[in-house]
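I opened this notebook to keep track of what I looked up in one structure. The entries follow the order in which I went through it.

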Amino acid sequence: MQGKSQIQNVFKKTLNISTSPHLVRGIGTNDIMRNVVWALLPTALYAVYAFGLSALLLLVTSTVACVLTEHFLAKKSKQPSTISDWSAVITGLLLGLTLPPNFPLWMAFLGGIVSIALGKFVFGGLGYNVFNPALVGRAFLQAAFPVAITTWFPVFSPDRFSSVSVATSTLPLMEPATDGFTGATPLSAFKFDHISTDTYDLAMGFITGSTGETCAVLIILGGIYLAVRKMLNWHIPVSILATVYVLTALLHFSNPEKYPTPEFMLFSGGLMLGAVFMATDMVGSPITTAGVWIYGALIGALVVVIRLWGGLPEGVMYAILLGNAVSPHLDNLIRPRVYGTGNRGEKVRG
Amino acid sequence: MSIQTTNKANEGFWDKLASSPSTDEYMKGLFRENPVFVQVLGMCSTLAVSNTALNGLAMGLATTFVLLMSNILIASLRNVIPKQVRIASYLLIIATFVTMTDYAIQAISVELSKALGAFIALIVVNCQILGRAEAFASKNTVWRSILDALGMGTGFIIALLCLGTVRELLGNGSIFGIPVFPDSFQEWVIMILPPGGFFMLAIWLMVFNAMKQRKAV
């Protein structure tokens, strides 16, 4: 055994053998991840502006929880700490952005731990996770604390910078007190009371909802920045949004009374945030372009089905998690033809 | 554990007990060959009825009773049952005792019987019981089979209590129905639901494996 490794060491020093690609762009994982954080910052800043101190504390808590868990688990499994690649920061930010602004901080901390431990480290760390870690954390919180995660906070409340929501500062393990205000998001208002919201308000974020999902315009700008820098596969958001638009348009024109307008569906809830920043997770999405379109269409269709016919007002989270689960199979089914082989991968005689 | 041959006269009662092969036959089921944490058998009932400590204990006791009675009967009939029809014979014996248990629990507490639901009847197909019958009782004496059944049963109860107490504590804020936290405690609904069973089982398996590794090193 020892002799063999010595030979390998000599080999490494004299001959550098590597597989293709031999030309690299000079951009590593941490560069991409850092840019995703930049793209998320406007959304996060707007969230703090719209919801005040509570949102700021929430985002900081979920991010710190993710980074600490990542550091602790990396040390525990005797690997170098991977917090410097920014991926834990993104997971924490995304988790915070998908939670209600007045979500109790201890629950957000727990969600951060679950995201990294259960969503990422169980599978072997960055690059091996089947599901989007932030959504795993959110799904856990949704199942564990169904009331707290559907209690909303008013947007632009006058004392948002001077005081923190009562629910935010709930002691660990305790039940959050209700603020007296449990406003409805546009989606739940439509689902349960059939009230539609103006598209302009939806796009600009003058509505309540999860911390970072309200301002669609800033999310799209962040997505365009990443797409231009080729750090985001634009096929994914486009296919999801197109599917949602087309399906809702068909339903809306068949029965305008019962179904919402396609614009309402596009700009309400977490669809934008999910389509641009979560479904595009490089690990959880398929590799081939054809696979990506099927993946996007599947997520879009699931969003429409869950929102319009399901029991919950919002279904982006479950749609993306199901899409993540399907994507390895899409990669298996759709394989690019290898040069020099036939369509089914058999060797061509010659 | 090996049988000590020297200094036998100097040993006290407890030393003799600790070194006797019968004790080992019983003790192996508790941790070394724990049916849930080491053999990972009987997962259906483990995951389904460990949502509260009381349900876990009742299920564990019911399973232990069936295991004990079937092991006794199978071990005493082991030379009579033809090899070709042994599985069918074992199932018949197990099913008899399961039916008895089912009726007994219904008679003791209707509430408990409702909480455990179909899972009492499903003890018939608990692979742990058939596994002990096939792997142990059919090849060993009645006395050793009794010890084996009691050990495995105790191990099963320990495992169900491990899962049940933590799930009830987090999911309901109580242990055996007695509230532990103040009224304002926030229940983790997920812990009572099926996913909580999977999470807790995984965490306990992790703890057990970590302890085993530490012992090995």
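This is a predicted model: local features need pLDDT of at least 70, side-chain atom pairs count only at pLDDT 80 or more; totals for chains, interfaces and linings use all residues.

**Entry 1: helices α8 and α10 of chain B**

From α8(B) I listed C162(B), L163(B), V166(B), R167(B) and G171(B); they meet G196(B), G197(B), M200(B), L201(B) and W204(B) in α10(B). I then sorted the residues of this contact by class and got 6 nonpolar, 3 polar and 1 charged.

Next I looked up the geometry. The angle between α8(B) and α10(B), the latter covering residues 194–216, is about 125 degrees, and their axes are 10 Å apart. The crossing of α8(B) past α10(B) is right-handed.

**Entry 2: helices α7 and α8 of chain B**

I stayed with α8(B) and turned to its packing with α7(B). Helix α7 of chain B spans residues 127–137 and helix α8 of chain B spans residues 142–172; I noted an angle of about 150 degrees and an axis separation of 11 Å. Angles over 145 degrees count as roughly antiparallel, so α7(B) is roughly antiparallel to α8(B).

Here too I recorded the hand: α7(B) passes α8(B) in a right-handed crossing. On the α7(B) side I found Q128(B), R132(B), F136(B) and A137(B), and on the α8(B) side S145(B), D148(B), A149(B), M152(B) and F156(B). By class this contact has 5 nonpolar, 2 polar and 2 charged residues.

**Entry 3: chain B as a whole**

Chain B has 10 helices and 2 strands. Reading from the N terminus, I wrote the order as α-α-α-α-α-α-α-α-β-β-α-α. Along the principal axes, its C-alpha atoms fill a box of roughly 60 × 45 × 30 Å.

I also asked what share of the 217 residues of chain B counts as buried. The figure is 34%. For contacts in chain B with a separation of 6 or more, 75% are between residues 24 or more positions apart.

**Entry 4: where chain B touches chain A**

How many residues does each chain bring to the contact? I found 9 residues from chain B and 8 residues from chain A. The chain B side of this contact holds 7 nonpolar and 2 polar residues, with no charged residues.

**Entry 5: chain A as a whole**

I moved to chain A and found 14 helices and 0 strands. The C-alpha trace of chain A spans about 70 × 50 × 30 Å along its principal axes.

I checked the radius of gyration of chain A, which is 22 Å; a compact globule of 350 residues would have one near 20 Å, so the two agree. Of the 350 residues in chain A, 47% count as buried. I also took the contacts in chain A between residues at least 6 apart in sequence, and 74% of them join residues at least 24 apart.

**Entry 6: S285 of chain A**

I picked out S285(A), in the loop between α12 (271–278) and α13 (289–309) of chain A. Is S285(A) buried or exposed? It has 24 C-beta neighbours inside 10 Å, and the cut-off for burial is 20 or more, so S285(A) counts as buried.

Leaving out residues up to four places away in sequence, I listed what S285(A) touches: N233(A), I236(A), A279(A), T280(A), V292(A), Y295(A) and S327(A). I also looked up D201(A), which is 84 residues from S285(A) along the chain; their C-alpha atoms are separated by 31 Å.

**Entry 7: two positive phi values in chain A**

I noted F156(A), a residue other than glycine with a positive phi near 50 degrees. F156(A) is in the loop between α6 (133–144) and α7 (186–193) of chain A. With 12 other C-beta atoms within 10 Å, F156(A) is exposed; the cut-off is 12 or fewer.

K230(A) also has a positive phi, near 60 degrees, and is not glycine. I located K230(A) in the loop between α9 (216–228) and α10 (235–254) of chain A. K230(A) has 11 C-beta neighbours inside 10 Å and so counts as exposed.

Key
Residues are numbered from 1 along each chain as its sequence is written. Chains are lettered from A and ligands numbered from 1 in the order in which they are written. Two residues are in contact if their C-beta atoms, placed from the backbone, lie within 7 Å. Ala, Val, Leu, Ile, Met, Phe, Trp, Tyr, Cys and Pro count as nonpolar, Asp, Glu, Lys and Arg as charged, and the others, Gly among them, as polar. Axes are lines fitted to C-alpha atoms, for helices over the stretch in contact, and angles run from 0 to 180 degrees between N-to-C directions. Helices (H or I, at least four residues) and strands (E, at least two) are DSSP runs, numbered from the N terminus. Angles under 35 degrees count as roughly parallel, over 145 as roughly antiparallel, 65 to 115 as roughly perpendicular and the rest as oblique. A crossing is left-handed if the near helix is turned anticlockwise from the far one by less than a right angle, and right-handed if clockwise. The radius of gyration is taken over C-alpha atoms; the globule rule is 2.2 Å times the number of residues to the power 0.38.
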